[in-house]
Structure formats: C-alpha cells, structure tokens
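Subject: Structure handover

Hello,

Here is the structure for your set-up work. My notes on it follow below.

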Amino acid sequence: MILKKGDIVKHFKGSDLVEKNIYEILAVNPVYTGTNIFPIAPVVIYAPLFQEGKTFVREYSDLTTELEPEKKEQYGQTFRIEILTEAELAYIKTPEFIEKKMAYLQKKEEKKAEEEASKNTQEKEKSR
C-alpha cells in the first residue's frame, strides 16, 4: 500500500466506519531539519477527520503493517490502516453518517470521563 498526502484512511479497530477512526494523511515522509545525526525512519503525519485539535506522527511501516490473521477476520481489514474506497468516501460525507459518527464520539467521550471520575474517586478513597 502506498500512502500519499490527502488520502483518507480508516484504522482497523472498530466494527464499521462509525466505530473506526478515520484520518486524513497530511504528509508522508516530511523533510527533517533537526540537528540530530541518527537515522530517521519515514513517517506519516495524519489527523482525525471527526475530532479537532489532534495530529499524529507514526512510522510509515507501522501504519502499513499487515494484520495478524485473527485480526484480519475480526476487523475486516488486511492492514493497520487502509485507504477508503470511493463508496466509503461518499458515505462518510452524508448527513446520516456524520450524525452517527458524532453521536458515537460523544458517547465515547462521556464514557471516558465517567471512567476517569471513577478512577479519581477510587484513588481518593485509597489515600484516606
């Protein structure tokens, strides 16, 4: 698989596009201008389409790694990330999908906040 700037990709985890993280590839193997001498592996810079304020960098080889057979079967993908098909690209632009995706992300954030609050409560109780 060859990734390029502008590609829209899906991460393997999740049962469908609503649950999968969807990213836009912002750059592939950008030029490193630092002064470190150690070799730098090719990287990909990417950002989630449906979550603001986040940008990630990961080694190209990590993102294009082939999944283990059981994960391929479980998630319906061959690679850690895959480029969306034309049909998937059309679907993620529909109001129906966007509404489902935003509701899913909201629920996920609420669950995360609840778990964090519960963890903090347990830590406070332990320190007494």
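Please keep in mind that the model is predicted.

Charged side chains

There are five salt bridges in the structure. One of them pairs Lys 10 with Glu 88, with 2.6 Å between the closest N and O atoms. Lys 10 belongs to strand S1 and Glu 88 to helix H3, so this pair ties together parts that are 78 residues apart in sequence. Glu 88 has a relative accessible area of 16% and therefore counts as buried, because the cut-off for buried is under 20%.

Glu 82 is also buried, but it has no salt bridge. Its nearest side chain of opposite charge is again Lys 10, at 4.6 Å. Glu 82 sits in strand S5, residues 81-83. Leaving aside residues up to four places away in sequence, Glu 82 touches Met 1, Ile 8, Val 9, Lys 10 and Gln 77.

Two further salt bridges involve partly exposed residues. Arg 58 and Asp 62 meet at 3.7 Å, N to O. Arg 58 has a relative accessibility of 30% and counts as partly exposed; Asp 62 is partly exposed with a relative accessible area of 30%. Lys 100 and Glu 96 form the other, with their closest N and O atoms 3.2 Å apart. These two are four residues apart in helix H4, which means that about one helical turn separates them. The relative accessible area is 40% for Lys 100, which is partly exposed, and 47% for Glu 96, which is partly exposed too.

Helix H4

Helix H4 covers residues 95-126, 32 residues in total. At 1.5 Å a residue the helix should span 46 Å, and its end C-alpha atoms are 47 Å apart, so the two values agree. Phe 97, Lys 101 and Leu 105 are buried in H4. The buried residues of this helix pack against strand S2 (22-28) and helix H3 (86-92). Helix H3 is also where Glu 88 lies.

Aromatic rings

The structure has six aromatic pairs. Among them is the pair of Phe 12 and Tyr 75, which is edge-to-face, with 5.1 Å centre to centre and 75 degrees between the planes. Phe 12 is in the loop between strand S1 (8-11) and S2, and Tyr 75 is in helix H2 (residues 69-75), so the pair ties together parts that are 63 residues apart in sequence. Phe 12 counts as buried because its relative accessibility is 1%.

Tyr 23 and Tyr 46 make another pair: the ring centres are 4.9 Å apart and the planes lie at 85 degrees, so the arrangement is edge-to-face. Tyr 23 is in strand S2 and Tyr 46 in strand S3 (residues 43-48), so the parts tied together here are 23 residues apart in sequence. Tyr 23 is buried, with a relative accessible area of 8%, and Tyr 46 is buried with 9%. Ring pairs join Tyr 23 and Tyr 46 with Phe 56 in a cluster.

Regards

Key. Residues numbered from 1 in each chain as written. Predicted model: local features only at pLDDT ≥ 70, side-chain atom pairs only at ≥ 80, totals over all residues. Heavy atoms only, no water. Buried < 20%, exposed > 50% of the residue type's maximum accessible area, 1.4 Å probe, protein only. Lys, Arg positive; Asp, Glu negative; His and termini not counted. Salt bridge = Lys/Arg side-chain N within 4 Å of Asp/Glu carboxyl O. Contact = heavy atoms within 4.5 Å. Expected span 1.5 Å × (residues − 1). Phe/Tyr/Trp six-rings, centres within 6.5 Å; stacked < 30°, edge-to-face > 60°.
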